Amino acid sequence: MELLFITLGGVILGLGARYLLPDRDRHGVVLIPALGGAVAAVVWVALTWAGMPWDGGWIWVISLVVTAAAVVVADILIGRRRKEHDEARLQALLSGKAPLAPAAAATSR
């Protein structure tokens, strides 16, 4: 039951990161919350396997802090990388140096 709660906590942290950090238009709506849920669950299970009691407070704190750090870093890096890639692609398309997609090239002949 605690695994369900910690996963839900990770999803909520992911939602917070998605809507509080910039560049949210650069990735999907579910990506960061799903990442938060997955990280929280994996960290929780790893800590229980390491012998931490599931009803102790530290397992909750560690799991949620690691999850918060992971979703913030992922959100910032994904947003920044997508913005750079989109700008490079736009410049390549505007300069005419970028090849057209195979389907578009075949239909334009």
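Guide: Let us begin with Lys-83, which has a relative accessibility of 35% and therefore counts as partly exposed, since that class lies between the limits of 20% and 50%. Please note that this is a predicted model.

Visitor: What makes the contact of Lys-83 with Asp-23 a salt bridge?

Guide: The closest N and O atoms of Lys-83 and Asp-23 are 3.1 Å apart. The cut-off for a salt bridge is 4 Å between a side-chain nitrogen of Lys or Arg and a carboxyl oxygen of Asp or Glu, so the pair qualifies.

Visitor: Why is Asp-23 called partly exposed?

Guide: The relative accessible area of Asp-23 is 21%. Buried would require a value under 20%, and exposed a value over 50%, so Asp-23 counts as partly exposed.

Visitor: How many salt bridges does the structure hold?

Guide: There are two salt bridges. Besides the pair already described, Asp-86 forms one with Arg-26, with the closest N and O atoms 3.0 Å apart. Here too distant parts of the chain are linked, for Asp-86 is in helix α3 and Arg-26 in the loop between α1 and α2, 60 residues apart.

Visitor: Are Asp-86 and Arg-26 buried or exposed, or do they fall in between?

Guide: Asp-86 has a relative accessible area of 28% and is partly exposed. Arg-26, with 22%, is partly exposed as well.

Visitor: Why is the pair formed by Trp-44 and Trp-60 described by the term it carries?

Guide: A search of the whole structure finds one aromatic pair. The ring centres of Trp-44 and Trp-60 are 4.8 Å apart and the planes stand at 65°. Centres must lie within 6.5 Å for a pair, and an angle over 60 degrees counts as edge-to-face, so the pair of Trp-44 and Trp-60 is edge-to-face. Trp-44 belongs to helix α2 and Trp-60 to helix α3, so the pair ties together parts that are 16 residues apart in sequence.

Visitor: How do you know whether Trp-44 is buried or exposed?

Guide: Trp-44 has 4% relative accessibility, which is under the limit of 20%, so Trp-44 counts as buried. Trp-60, at 27%, is partly exposed.

Visitor: How do you know what span to expect of helix α2?

Guide: At 1.5 Å a residue, the 19 residues of α2 should span 27 Å, and its end C-alpha atoms are 27 Å apart, which agrees. Helix α1, residues 2–20, also has 19 residues, and its reach of 27 Å from first C-alpha to last is close to the 27 Å expected.

Visitor: Which elements cover the buried residues of α2?

Guide: The cover includes α1 and α3. Among the buried residues of α2 are Ile-32, Val-39, Trp-44 and Leu-47. The buried residues of α1, including Ile-6, Gly-14 and Ala-17, pack against α2 and α3.

Visitor: Why is Gly-9 called buried?

Guide: Gly-9, in helix α1, has a relative accessible area of 19%, and a value under 20% means buried. The C-alpha atoms of Gly-9 and Ala-34 are 11 Å apart, while the two residues are 25 residues apart in sequence.

Visitor: What makes Leu-20 exposed?

Guide: Leu-20, also in helix α1, has 74% relative accessibility, and a value over 50% counts as exposed. Its C-alpha atom is separated by 11 Å from that of Ile-76, 56 residues apart along the chain.

Visitor: Why can Ile-62 take part in a nonpolar surface patch?

Guide: Ile-62 is in helix α3 and has a relative accessible area of 31%. Patch residues need over 30%, so Ile-62 passes that limit. The patch of about 470 Å² is made by Trp-58, Val-61, Ile-62, Val-65 and Val-66.

Note on methods
Residues numbered from 1 in each chain as written. Predicted model: local features only at pLDDT ≥ 70, side-chain atom pairs only at ≥ 80, totals over all residues. Heavy atoms only, no water. Helix = DSSP H or I, 4+ residues; strand = E, 2+ residues; numbered from the N terminus. Expected span 1.5 Å × (residues − 1). Buried < 20%, exposed > 50% of the residue type's maximum accessible area, 1.4 Å probe, protein only. Contact = heavy atoms within 4.5 Å. Patch = residues over 30% accessible without salt bridge, like charges linked within 9 Å, V, L, I, M, F, W, Y side chains within 5 Å. Areas by Shrake-Rupley, 256 points an atom, 1.4 Å probe, with all protein chains shown as cover. Phe/Tyr/Trp six-rings, centres within 6.5 Å; stacked < 30°, edge-to-face > 60°.
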